[in-house]
Amino acid sequence: MTLKMNPNYKILIEMRDNIIEYLEEQKSINEDALKAYEPMVIQDSDAEIRNMREAIKIRDRITELKRHISVIKKMYPAK
């Protein structure tokens, strides 16, 4: 006996997958951007400090995207 999935739930799963795909792409973009800042030797120049701050911002964005992806996956688990 096969269980039929509720059509509304199927739509939610498709939406979840689309959102996760988008967030994964954004995470990948930010991870690639972060590579430009690593490894960095910190010098006493304003440009270096700006670069370090930008790298920190990108790391924060990646962390936030990972959190969003995790929450969405838990909200609508595939059956």
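Which side chain meets that of Asp17 in a salt bridge? Here are some friendly notes, starting with that pair.

1. Arg16 is the partner of Asp17, at 2.7 Å from N to O; a salt bridge here is a side-chain nitrogen of Lys or Arg within 4 Å of a carboxyl oxygen of Asp or Glu. Arg16 is buried, with a relative accessible area of 10%, whereas Asp17 is partly exposed at 37%. (Buried means under 20% relative accessible area, exposed over 50%, and partly exposed in between, using a 1.4 Å probe and protein chains only.)

2. A word on the source: this is a predicted model, where local features need pLDDT of at least 70, side-chain atom pairs count only at pLDDT 80 or more, and totals for chains, interfaces and linings use all residues. Residues are numbered from 1 along each chain as its sequence is written, and side-chain values use heavy atoms, leaving out hydrogens and water.

3. The structure holds six salt bridges. Among them, Glu31 pairs with Lys27, with their closest N and O atoms 3.6 Å apart, and Glu24 joins these two in a network. Lys27 counts as buried at 15% relative accessibility, while Glu31 is partly exposed at 29%.

4. Asn30 is worth a look: this residue of helix H1 is buried, with a relative accessible area of 10%. Beyond its neighbours within four places in sequence, Asn30 is in contact (heavy atoms within 4.5 Å) with Ile58, Arg61, Ile62 and Leu65.

5. Ile58, Ile62 and Leu65 are among the buried residues of H2, and H1 is part of what covers those buried residues. Helices are DSSP runs (H or I, at least four residues), numbered from the N terminus.

Methods:
Helices (H or I, at least four residues) and strands (E, at least two) are DSSP runs, numbered from the N terminus.
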